[in-house]
Amino acid sequence: MQHKETLHGHAAKEFERFLKDKHANLRGTVRAVSQRCASGIGRSADSAAWATETLHYEMDVTLSDRLRRQLAQIEAALERLARNDYGICEDCGEFIGLARLRALPFAQRCSSCQSRAEAQERRVRRPVLEPVFSGAGDE
Ligand SMILES: [Zn+2]
């Protein structure tokens, strides 16, 4: 597909640097949170402190899930950058626009396709109960 407008030299470099920085940062955070998850639970004898620890642990698990998803988004964005696809709306194939990309570097759709997709998602999505200790044993 030929794109009328894409990300050119300077801006592409700017986004690449931004994404790589962000990627390195996030990886550090994911590692720190995983270590906290692995070592932070079950140390306190009294139940109030234990409850707090458990709560923190659950928050960490949720947090690290979210961070992992962000990492995957960044990796996908870097791949698109390498393929020269970065900034191209995956629905309509138009350039998303620099302003929108600066605000939302992982945007995969232009704003009109995004609001259409979100409206559709809201109709489809049901509440999902996540198992509390999921992810505790991975890696
Ligand atoms: Zn679009």
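Colleague: Leaving aside neighbours within four places in sequence, which residues is Cys110 in contact with?

Modeller: This is a predicted model. In it, Cys110 is in contact with Cys89, Cys92, Glu94 and Ile96, once neighbours within four places in sequence are left aside. Contact here is a matter of C-beta atoms within 7 Å.

Colleague: How far apart are the C-alpha atoms of Gly93 and Cys110?

Modeller: They are separated by 8.9 Å, and the two residues are 17 apart along the chain. Gly93 itself is found in the loop between H2 and helix H3 (98-103).

Colleague: Why is Gly93 called partly exposed?

Modeller: Gly93 has 14 C-beta neighbours inside 10 Å. Buried needs 20 or more, and exposed means 12 or fewer. The count for Gly93 falls in between, so Gly93 is partly exposed.

Colleague: What makes Asn84 buried or exposed?

Modeller: The count for Asn84 is 12 C-beta neighbours inside 10 Å. The limit for exposed is 12 or fewer, so Asn84 counts as exposed. Asn84 is found in the loop between H2 and H3.

Colleague: Why does Ala107 count as buried?

Modeller: Ala107 has 20 C-beta neighbours inside 10 Å. The cut-off for buried is 20 or more, so Ala107 meets it. The place of Ala107 is in the loop between H3 and helix H4 (111-124).

Colleague: Which residues does Ala107 touch, not counting those up to four places away in sequence?

Modeller: Ala107 touches Ile96, Arg100, Leu101 and Gln114 on that basis. Separately, the C-alpha atoms of Ala107 and Gly87 are separated by 7.4 Å, with the two residues 20 apart along the chain.

Colleague: Which residues make up the largest nonpolar core?

Modeller: There are twelve: Leu7, Phe15, Leu19, Ile74, Ala77, Tyr86, Ile88, Cys89, Ile96, Leu101, Ala107 and Cys110. Helix H1 (9-39) and helix H2 (47-82) each supply at least two residues of this core. At least three residues of the core come from each of domain 1 (7-84) and domain 2 (87-125).

Colleague: What span does H1 have, and what is expected?

Modeller: H1 has 31 residues and reaches 45 Å from its first C-alpha to its last, close to the 45 Å expected.

Colleague: Which residues are buried in H1, and which are buried in H2?

Modeller: In H1 they are Phe15, Leu19 and Val33, and these pack against H2 and H3. In H2 they are Asp60, Val61, Ser64, Ile74 and Ala77. H1 is among the elements covering the buried residues of H2.

Colleague: How many helices and strands does the protein have?

Modeller: The protein has four helices and zero strands, and the pattern along the sequence is α-α-α-α.

Colleague: What share of the protein is buried?

Modeller: Buried residues make up 14% of the 139 residues. As for contacts between residues at least 6 apart in sequence, 62% join residues at least 24 apart.

Conventions: Residues numbered from 1 in each chain as written. Predicted model: local features only at pLDDT ≥ 70, side-chain atom pairs only at ≥ 80, totals over all residues. Core = buried A, V, L, I, M, F, W, Y, C linked by C-beta atoms within 7 Å. Domains from an automatic or database assignment. Contact = placed C-beta atoms within 7 Å. Expected span 1.5 Å × (residues − 1).
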